[in-house]
Amino acid sequence: MSEALKQSPASSRSTPQKTPADASETVPRSDWSESEARALYDLPFPELLFRAQSVHRQNFAPDVIETATLLSIKTGGCPEDCGYCSQSAHYKTGVKATKLMEVERVVAEAARAKAGGATRFCMGAAWRSPKDRDLETVCAMIEGVRGLGLETCVTLGMLTPAQVERLGDAGLDYYNHNIDTSRAFYPEIITTRTMDDRLETLDHVRRGGIKLCAGGIVGMGETVEDRIAMLVILSGLDPHPESVPLNMWNAIAGTPVIDKAEPADAIAFVRLVALARILMPKSVVRLSAGRDGMSDETQALCFLAGANSIFTGDVLLTTGNPDRDRDGKLLHKLGLKTAALRPQLPQESCGCH
Ligand code: SF4
């Protein structure tokens with residue numbers, strides 16, 4: 001046995017250990033600086049995971065994973081030029097544009113997702129912003145899906161305050177609107193809208209009393225600084241988004257990002273998950289796109305780092321996702337169970353929205 005392995009537990013305890021993240025770290029803060037976030041990100045890996053796991057346990061049951069299912073209700077032909085997206089009309093990616101699905105079909109898909117164990121049903125439409133007529137159809141979908149007892153989430157592009165109000169009246173629980181990346185890297189991947197456009201819609205949604213689902217994507221050629229800056233922007237929202245999806249970009253042929261993309265190293269991705277958990281202690285952190293390319297071990301580390309939500313189902317909008325069988329086996333191996341999670345953010349308890 002090597003000398004290192006022969007060390008007694010007492011000698012291994014000689015390394016100074018911080019107590020579980022200081023109490024101050026579990027109170028949501030919206031003033032994290034990039035340098036503070038970088039210092040956390042760069043902690044020795046065991047220390048970072050220990051802190052993230054400590055924060056996680058103070059806010060969530062460590063053995064519960066939320067499962068959501070995502071359906072593309074209107075695919076392709078999008079006028080936006082997001083350089084990572086298979087659905088942009090600007091690129092030849094082989095994705096066929098479709099019309100908005102019928103309400104009955106969507107509700108039937110939601111019923112199937114519920115039977116498969118999903119607790120939330122997310123519906124995505126490839127629009128820059130919805131037309132009012134289409135919004136009415138989406139509202140009927142929301143009402144139908146809620147009628148099944150599922151939480152609802154939609155992602156429809158930019159919204160006006162009046163559209164937010166209409167969605168709220170239909171009973172929408174969550175609105176997804178990712179900030180994608182850092183402010184500095186944003187113009188390199190999207191030119192048809194700005195980060196401020198994105199933040200404006202998030203503000204409308206928050207003011208309209210609908211919960212926020214907002215995250216971003218890694219592996220598009222951005223730097224580690226960009227990834228950290230993205231999380232700092234999200235943690236600067238007050239209150240934090242209730243859901244924070246982190247996506248590992250799935251290489252999509254035909255998109256411009258493919259020329260500069262570099263997949264994030266698995267450990268770097270786990271570090272980012274841990275950082276999200278520490279910066280936004282009461283938010284649900286979701287492993288989203290790219291999970292099908294992750295090993296079981298990487299996913300296990302992500303759960304240890306504080307991720308507590310996954311998308312289930314074979315596809316995510318237009319890209320692959322692990323099948324339910326693989327997910328079921330993984331969760332079983334890890335002793336994790338699935339259930340709906342209640343984000344514990346201030347606006348939920350004060351009831352003032
Ligand atoms: S990410 Fe959304 S907004 Fe951007 S091109 Fe794709 S569908 Fe359109």
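I started with the ligand: by class, its shell has four nonpolar, three polar and one charged residues. My classes: Ala, Val, Leu, Ile, Met, Phe, Trp, Tyr, Cys and Pro are nonpolar, Asp, Glu, Lys and Arg are charged, and the others, Gly among them, are polar. The residues around the ligand are C78, E80, C82, C85, Q87, S88, A126 and G157; near here means a C-beta atom, placed from the backbone, within 6 Å of the molecule.

Ground rules for this page. The model is predicted, so I note that local features need pLDDT of at least 70 and side-chain atom pairs pLDDT 80 or more, while totals for chains, interfaces and linings use all residues. Numbering runs from 1 along each chain as its sequence is written.

**Helix α4**

Helices are DSSP runs of H or I with at least four residues, strands are runs of E with at least two, and both are numbered from the N terminus. Axes are lines fitted to C-alpha atoms, for helices over the stretch in contact, with angles from 0 to 180 degrees between N-to-C directions.

I looked at α4 (residues 34–41) against α11 (residues 224–235): the axes are 9 Å apart and the angle is about 120°. That makes α4 oblique to α11 (under 35 degrees is roughly parallel, over 145 roughly antiparallel, 65 to 115 roughly perpendicular, the rest oblique). The crossing of α4 and α11 is right-handed, meaning the near helix is turned clockwise from the far one by less than a right angle. E34, A37, R38 and Y41 of α4 meet I228, A229, L231 and V232 of α11; contact means C-beta atoms, placed from the backbone, within 7 Å. I sorted this contact into six nonpolar, no polar and two charged residues.

Next I checked α4 with α12 (residues 266–279): their axes come within 9 Å and cross at roughly 130°. These two are therefore oblique to each other, and the crossing of α4 and α12 is right-handed. On α4 the contact uses A37, L40 and Y41, and on α12 it uses R271, L275, I278 and L279.

Most residues other than glycine have a negative phi, and most peptide bonds are trans.

D180 has a positive phi of about 75° though it is not a glycine. I found D180 in the loop between β4 (174–176) and α9 (186–189). D180 is buried, with 24 other C-beta atoms within 10 Å (buried takes 20 or more, exposed 12 or fewer, partly exposed in between, with C-beta atoms placed from the backbone).

D238 and P239 are joined by a cis peptide bond, omega about 0°. P239 sits in the loop between α11 and β7 (243–248).

Conventions
Two residues are in contact if their C-beta atoms, placed from the backbone, lie within 7 Å.
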